[in-house]
Structure formats: C-alpha cells, structure tokens
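This report concerns a protein chain and its ligand. Please consult the sequence and the model shown here while reading.

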Amino acid sequence: MNNIDSKEWDAMMLKYKFAKTKLEADLEILLKEYEYKNEYNPVEHIKSRLKSERSILKKLEEKGYEKNVENIKKHIHDIVGFRIVCSFLSDVYDIVGIIKNSKTFKIINESDYIANPKDTGYTSYHLNVLVPVHLEEKLEYIEAEIQIRTVAMDFWASLDHKLQYKLPKEIPLHLQRELLECSDEIKVIDVKMQHLYEVIKKYIENNKEV
Ligand code: 0O2
C-alpha cells in the first residue's frame, strides 16, 4: 500500500513525533498558567495522537494525491492531532484565545464549526498551528491540528464517528437527519449549561463572605 521509502517515512514521522511532544509541553504550560491566574480549570480532558500510516494514506488517496512525502506534508493537516475537551462553551473560546495569543505557535488556519457547523452536525473549533521544533541543525515548523470542544460536542462527535464517519458507504438520509437533530439538541443543552454556569458564578460572587 505504501511505496514510500521506509527511511524517508520514518524520518518524516519522527519530526511529527517531536512536534507532538513539543505541543504537549507548550499546551500544558499555557493551560496551567491560565488555571493558576483564574483559579479555574476549564479542561475536562486532552487527547493527542499521531495519525496512523493507514489513515494518512487513505486520506491522501481520498483527496486524490499521489502517495509521496511531499504530498503528505502539504495536504494532510492533522498528522499531529490534539483534542482539548472543556466544560462550557465560553471555555472553548477562552482556550482558543489563549492559543491564538501565545507567541509559541503560528496559526495557519482556523475553523469555527461551532458558529458554522458542518452539514453532518459536527461542531468544534479547529486551529491549525505550526509548532517550532529545534532540530540539531535547524529550526523547523511542523503542522498540527488542535480541536477544541465542549464535553457535549465531544459526546456527539465520538458517537457520530462510530456510527457514520468511518463507514465506507453513505448512511441513509433519514439517519443522517436524526444525527443532525441530536447535534441540535446537544447545542441547546450546551447553551443551557453555559447559562447555568454564569448564574451560579454570579450567585457565588454575590454571596461571598467579606
Ligand atoms: P479522524 O479519524 O478524526 O482523524 P482535512 O480533512 O483536514 O484535510 P477538512 O475536512 O477541512 O480538511 O478538515 P476539518 O474538517 O477541519 O477536520 C477534519 C477532522 O475534523 C476529521 O479528521 C475529524 O476529526 C473531524 N470531523 C470533521 N467532520 C466530522 C464529522 O462529521 N463527524 C466527526 N465525528 N468528526 C468530524 P479525520 O482525519 O477526517 O478523522
């Protein structure tokens, strides 16, 4: 399936691995600093992964490109993937703000699929960043994708992934519609939880002992 020279493949993947390690450390610093300053941790959990060889080649094929390292670097944007799952809607935008304001990464693309959901009903905020990796002889910028979403969005995306996204064939239209409906219902819950969060915060503020 892969006719790319194995040494060339390993060298490419090693750099993505370095970028993943670097991004992990940088994000941890940014988020811990935020937590310290605000006495609040917006993160429920973080997942990271390196895309498998099979998924990389499948995606390249679907996009219609010839299998070579150059095309992988140019057209596959999520070999290093991070998912930051947070509690409330406002946390998503706060985290996006922290990453965008950081001098550590270069932002090369952003997609607000919360304001503009995908046709499937998928919602999340995507940031594509360049991670600076200091190699022995030079500095290289390696691409990574960070997905930021609430637990509710994550719940929908995980189940959708299982039900639909990875299936080779299109699922029937009425099932697609039901998935879309679930996404809409989840959106309503996210907005309600955000409202509750703000009301509770105000309540605590007003009832603080002086
Ligand atoms: P996996 O297995 O999660 O890694 P790109 O695909 O990046 O070249 P595109 O399509 O504009 O270009 O990228 P996008 O939409 O910003 O990001 C694609 C990723 O978003 C997917 O990666 C999924 O992780 C997620 N995603 C997008 N649409 C859906 C959806 O309808 N349902 C679910 N569950 N996830 C979605 P992969 O590599 O396709 O999959």
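## Overall architecture

The model is predicted. The protein chain contains six helices and five strands, arranged along the sequence in the pattern α-β-α-α-β-α-β-β-β-α-α. Taken along the principal axes, its C-alpha atoms fill a box of roughly 65 × 50 × 20 Å.

Of the 210 residues in the protein chain, 40% are buried. Among contacts with a separation of 6 or more, 65% involve residues 24 or more positions apart. The chain exposes about 13600 Å², of which carbon and sulfur atoms supply 54%.

## The ligand site

For lysine 51 the distance is 2.6 Å, for arginine 49 it is 2.9 Å, and for tyrosine 113 it is 3.1 Å. The ligand taken alone exposes 750 Å², and the protein buries 83% of that area.

## Helix H2

Helix H2 also has a buried side, on which Ile56, Leu57 and Leu60 are found to be buried. Seen down the axis of H2, the buried residues fall within an arc of 90°, so they line one face of the helix. In general, an α-helix has 3.6 residues a turn, so residues three or four places apart point the same way.

The cover over the buried residues of H2 includes helix H1 (6-38) and helix H3 (69-75). On the face turned away from the buried side, H2 carries the exposed residues Arg54, Glu61 and Glu62. Glycine 64 follows H2 and has a positive phi, near 85°.

## Threonine 150

Threonine 150 is buried, with a relative accessible area of 0%. Not counting residues up to four places away in sequence, threonine 150 touches Val85, Cys86, Ser87, Phe88, Leu89, Val92 and Asp190.

With aspartate 190, threonine 150 forms a side-chain to side-chain polar contact of 2.7 Å. Threonine 150 and glutamate 44 are 106 residues apart in sequence, yet their C-alpha atoms are 8.6 Å apart in space.

## Serine 124

Serine 124 is situated in the loop between strand S3 (106-112) and strand S4 (125-134).

The side chain of serine 124 takes part in a polar contact of 3.5 Å with the side chain of tyrosine 122. It also reaches the backbone oxygen of isoleucine 148, at 3.4 Å. Not counting residues up to four places away in sequence, serine 124 touches Ser111, Asp112, Tyr113, Ile114, Gln147, Ile148, Arg149 and Met153. One of these neighbours, tyrosine 113, has a side-chain N or O atom 3.1 Å from an oxygen atom of the ligand.

How values were computed. Residues are numbered from 1 along each chain as its sequence is written. This is a predicted model: local features need pLDDT of at least 70, side-chain atom pairs count only at pLDDT 80 or more; totals for chains, interfaces and linings use all residues. Side-chain values use heavy atoms; hydrogens and water are left out. A polar contact is a pair of N or O atoms within 3.5 Å; within protein, one must be able to donate a hydrogen and the other to accept it, and residues adjacent in sequence count only if both atoms are side-chain atoms. Accessible areas come from the Shrake-Rupley method with a 1.4 Å probe; for residues, only the protein chains shown count as cover. Buried means under 20% relative accessible area, exposed over 50%, partly exposed in between (1.4 Å probe, protein chains only). Contact means heavy atoms within 4.5 Å. Helices (H or I, at least four residues) and strands (E, at least two) are DSSP runs, numbered from the N terminus. The arc is that of the directions from the helix axis to the C-beta atoms.
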